[in-house]
Amino acid sequence: MKKKLSIKLGIVFFLIIFSLEIFMFFFLHSALVDSRIEEEFISLQARGNAHRDILEKHFDQDTISHVSLMESEANTDVVITDMNGRILGSSSKSSDIQDHINSADSVIPRDGEVVDGNWKEGKFISTVSPVEIDGDITAKVFMFQETESIHSLIDRLNKHFILTGIFAVFLTLTVIIFLSKGLAKPLIKMKEATSQISKGDFTVSLPKNRNDELGDLADSISRLASDLHYLKLERNDFLASISHELRTPLTYIKGYADIVHKRNLSIEDRDKYLNIIHEEANRLSDLIKDLFDLAKMDKNSFVIQKRPIDLTDFILKIEQKFSPAFQEKEMELDVICPKEAVIIADPTRLEQIIFNLLDNAIKYSPPGAKTILSVNNKKKDVYIKVRDNGKGIPEEDLPYILNRFYRVDKSRTRSLGGTGLGLAIVKELVLAHGGTVSVRSKEGKGTEFELVFKGADKIENDTIS
């Protein structure tokens, strides 16, 4: 896998970079060759013009012979003719120059012109410059240079380009190898990590020293592994808890039903066992109802029927319903609610939320404890708080207290009739209303649950906008 990925990346990078290098090399080579050839023509033309200037000042046979003698020692040749093409002086011994002389135009610009520029196939390149005496063109100065020197120049240039190209390709391959490995290595580690995760091994370790997109991806995979590990543990705990919660009441019901059925009991014992069966059947019924509610919430099939609720009357009715339960436990319930507090919510589900929180306060507070149910309006949001001064929740348990079947003290919770689903239902119902729920607690001092809902005015404004 590693070789495949690094090779694929390397091939892609190499093809892209190599194509760019080839294009740039051809473009640069062509431009450089054209520039060098142009320089040769300009140099040859300038040399012919220099001879022309001398002949215009001293146009005699001695000067012509002197110019011819000068060029005989150079790598260029000069031929001086009259207007009829008759050679007056020449440094060249080649017989091929006559064709170039005959092909020259009769009208020649003052700065001269190129007679033959076919350096690729021809034997010579040549230029011509006019010699003017008293305003009339009386002679022509032809300059010749063998193309062999130009081809030699181009060959040297090609060798330099080939060596440079080989070095560039080698350097490109080296860079690509390191680059592809540098990119492939973290990707391969991430692939291996995801493979571990798919097999159920969430103990993945990825480097976190990259401050780029690959580093962000590695962090995301690590967080995913951590979340999946937690969800796996939570699922296992959930299955173990639901198995225990369903098995326990069923065991009680079956055991006491067998006793009542098989033994001759007194009326008092019979009623006692039947009451236990009835209590456990109710517990089982409540548990199944809570599980059914949570299942509907998970499937988004839980219907919330919202309508405006006057919290003043609503909270007063809750106080009337719950006060006897608090009095029976020798506890105190205080209610604080301002007038004209209105929210849009499902009254049945809102009552279920507050009932669960108050029931939680009763279960985990000692006799004489005080619970406060308060309502406040802040910035058009409605805050509902349930605060008690009971036993509190340990700090390490706070992040999980709203999870399903999570209980701080499982043995004590069982004896108090808790299933670990009440707060999970509260959380799901609040979220279904578009609200938020948070919990603050300190061991030995009590717990406060805070619910935040949008007020009626804010909902109307959001709807209008």
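Mentor: Thr 147 counts as buried because its relative accessibility is 5%, where buried means under 20% relative accessible area, exposed over 50% and partly exposed in between, taken with a 1.4 Å probe and protein chains only. The model is a predicted one, in which local features need pLDDT of at least 70 and side-chain atom pairs count only at pLDDT 80 or more, while totals for chains, interfaces and linings use all residues. Residues are numbered from 1 along each chain as its sequence is written, and side-chain values use heavy atoms, with hydrogens and water left out.

Thr 147 belongs to helix α4, which covers residues 147-198; helices (H or I, at least four residues) and strands (E, at least two) are DSSP runs numbered from the N terminus. If its neighbours within four places in sequence are set aside, Thr 147 is in contact with Asn 118, Trp 119, Gly 122, Lys 123, Phe 124 and Ile 125, contact meaning heavy atoms within 4.5 Å.

Let us turn to the aromatic rings. Rings of Phe, Tyr and Trp (its six-membered ring) pair if their centres lie within 6.5 Å, and planes under 30 degrees apart count as stacked, over 60 as edge-to-face and the rest as tilted. By this rule there are 7 aromatic pairs. Phe 25 and Phe 161 make an edge-to-face pair, because their ring centres are 6.0 Å apart and their planes stand at 80°. This pair joins distant parts of the chain, with Phe 25 in helix α1 (residues 2-57) and Phe 161 in helix α4, 136 residues apart. Phe 161 counts as buried at 15% relative accessibility, whereas Phe 25, at 25%, counts as partly exposed. Phe 142 and Phe 144 form a stacked pair, 6.4 Å centre to centre with 25° between the planes. Phe 142 is buried with a relative accessible area of 0%, and Phe 144 is buried at 1%. Ring pairs link these two residues and Phe 124 into a cluster, and Phe 124 is also among the contacts of Thr 147.

An open sheet of 5 strands has the order β2-β1-β5-β4-β3 with antiparallel pairing, two strands being paired if DSSP finds at least two bridges between them. β2 (87-90) and β3 (113-116) stand at the edges with a single partner strand each, so one side of each has no neighbour in the sheet. From one strand to the next the twist averages 25°, where axes are lines fitted to C-alpha atoms, for helices over the stretch in contact, and angles run from 0 to 180 degrees between N-to-C directions. Strand β4 (residues 124-133) runs antiparallel to β3 and is joined to it by 3 bridges, and Glu 113 stands opposite Val 128 in β4. Helix α2 (residues 61-72) lies across β1 (76-82), β2 and β5 (136-146), and runs at about 155° to β1.

Finally, consider the cores: a nonpolar core is a set of buried Ala, Val, Leu, Ile, Met, Phe, Trp, Tyr and Cys residues joined through side-chain atoms within 4.5 Å. The largest has 36 residues, and those with the most contacts inside it are Leu 311, Leu 350 and Leu 451. Apart from this core lies another of 19 residues, among them Ile 64, Val 78, Ala 139 and Leu 157.
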